[in-house]
Amino acid sequence: METNSPYKMSVSLNVVTHLGLNLYSNIPAVLSEAVANAWDAEAHKVTVDIDKQAGTVTVYDDGSGMDLHDINEKYLTVGYRRRDATGTLTPNLDRPVMGRKGIGKLSLFSIARTVEIYTVKDGERHAFRMSLDDIKSAITDEVNSESPYRPAPLDVADIDFIKGTKIVLRDIKKNLSQTEAALKKRLARRFSIIGPEFDFALEINGESVSVSDRAYFHKLQYLWLYGDDDYTEKIRSLAINAEEVEIRRSETEQGGEVFGWIGTVYSSNQLREQGENLNKVVVLARGRLAHEDLLENISDSSFYRQYVIGEFNADFLDSDAGEDITTSSRQRLDEDDPRFIDLREFFEEEMGNVKKAWGEWRETKGVEVAVKNTAVDEWFKSLGPESRARARKLFGMINGLEIDDESKKKELFAYSVMAFESLRYKDNLQALEQMTQPALAGFVLLFNTVDEIESALYHRIVNQRLEVIEKMQAQTDADSKEKILQELLFQHLWLLDPSWERATDAHLEERIGTTFAGVDLTDDEKKSRIDIRYKRVSNAHVIIELKRYSVSTDTYTLARQVRKYRDALRKALKDRGEANPYIEIVCIVGKSLSDWAQENGRAESAQTLGPINARVMTYDELLDNARGLYSEYLRGREGLDRVRKVIESIKS
């Protein structure tokens, strides 16, 4: 550690221990301290250069620089209160001074173990190096804990500028993998004084930083503005996609002036970024971040809050006349201070307005989107006042759902029409309950509505079933059809018979001897394996036997096999208390039975299988029959009823 040096840092062990050298946890927060110091130094431009290979961060500003007195008595004095010593405005440009506590310089050691300072003021050049390890050693000296730490002098010949200050951070403790774009975005969000109107420019690796780098204005759907005409017009011009904009009062109850905005985005996902949550309303004072999130200070946790983002500039919080309101965390304000309470109450009231307007605007937008379809428009106009109000709310909710697939959103609009027909049905029931002698027309309306809803629902079910059938028919591998059909039949028994759609007690590839252990079965019966077994709602039992598509068999062989299954299942069911179980058997084969080729072969086959309640069909017949049945239903319903007409119109 350097002992023969003209420089000294006066450090109180108690102060440094209380504040801590780990003031911040991220690079943008640390760099914001350097930018704030450059502002106070009346710099016109600040450049930040990040060298990932060398592992260094260099910050240069063209401000006033420092002489030896400034270095020792101001910069190296922890807790130096600039506003008390030199005034609240900078001497030449009358800028409001950002620095107040004199501890920001410690933040550099949050990300670096070594800090080099190069500075020039009025031709006087100085350079020195500070080491985190040496500082810790100096301030933990039990014998003389108040002794000064003396940074090591550096060669001033390395200074290549004529005015200002350059800070080089080495031995970086944080990851420098952040891209320049990410850092531009994070720093742009921490300051409101960057830009030509403030004569203050910031560059990161040669790229200029501007308010547009905040990269969230284009996400705003609705916007509430606070401030004078120039400010509100500036924000409005940035929010190029805002659909609704409202100018609000900008004075708090106690007379504090607020410049800022509250916005809501189209999708709450837009507020989630890697490494940062934008779902907050930040507070800035004197042009820099003062309080990270005002949303945390209100109790309302309604759904709309997930869409909110905003920024309040409230310089009255950091007025020179009042006490310092900033906490030691440097990113929060004293929440018990009357000035903060004044701002919080103002914000809470404004959020009540945002909540109300957001809901109304989303509902209106949802209706606008829905009624672009003529059929929906006619349906919506047909609703009574109460149902229409409910429809508005649901349309608003659907419009606000975070669904990128437009076809899925149309599907939801279709379901909403059916939902509101259900609501109309409920409303009619309530009306009928209040009538002593309901009019005949009321009953007709009631049951017509129910019929239309059921018709529309079943129409959609039939279409979905046809899609399943077409999927099966598209299979070209004949031998794979057995396995695929087995799975489809197990999940969709309606392929065999529409009346079986609510079958229960389903079993797939069941071995009788295992399922009905303990029943008196023959060895052959115990080995019986049933492909699919169902119990219908009528208590009838169904056995489905599937033959491989390429297998050729005959009626008598098939009858012997399924009779064995029937007898085994009958014994097992009787053992469980079903005295005369009704068992139906369906055999599905790939090829026609060999005896069907004989004259009257198929009819005789049916007579042979009839006594054991069994029947046979081929895979292709099964699918053709199912397709024909459901297609015939659709053809018979070509005269679209009222509700389905709306739904089909939306989908198309």
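Why does His 541 count as buried? His 541 counts as buried because its relative accessibility is 1%, where buried means under 20% relative accessible area, exposed over 50% and partly exposed in between, with a 1.4 Å probe and protein chains only. The model is a predicted one, in which local features need pLDDT of at least 70 and side-chain atom pairs count only at pLDDT 80 or more, while totals for chains, interfaces and linings use all residues. Residues are numbered from 1 along each chain as its sequence is written, and side-chain values use heavy atoms, with hydrogens and water left out.

His 541 belongs to strand E19 (residues 541-546); strands (E, at least two residues) and helices (H or I, at least four) are DSSP runs numbered from the N terminus. Apart from neighbours within four places in sequence, the residues in contact with His 541 include Arg 533, Tyr 534, Leu 573, Glu 578 and Tyr 582, contact being heavy atoms within 4.5 Å.

Elsewhere, an open sheet of mixed pairing is built from six strands in the order E10-E9-E11-E16-E14-E15, where two strands pair if DSSP finds at least two bridges between them. At its edges lie E10 (244-247) and E15 (288-291), each of which pairs on one side only, and the twist from one strand to the next averages 20°. Within this sheet, E11 (residues 259-265) and E16 (residues 308-313) run antiparallel and are joined by six bridges, with Phe 259 having Asn 313 as its bridge partner in E16.

Two helices accompany the sheet. Helix H7 (residues 229-238) lies across E9 (220-226), E10, E11 and E16 and runs at about 170° to E9, whereas helix H8 (residues 338-370) touches E9, E10, E11, E14 (281-285), E15 and E16, its direction making about 145° with that of E9. These angles, from 0 to 180 degrees, are taken between N-to-C directions of axes fitted to C-alpha atoms, for helices over the stretch in contact.

The largest nonpolar core has 46 residues, and Val 57, Tyr 75, Met 130, Leu 169 and Phe 200 have the most contacts inside it; such a core is a set of buried Ala, Val, Leu, Ile, Met, Phe, Trp, Tyr and Cys residues joined through side-chain atoms within 4.5 Å. Helix H2 (residues 27-40) gives this core its largest share, eight residues. A second, separate core of 43 residues includes Phe 217, Val 283, Ile 309 and Leu 317.
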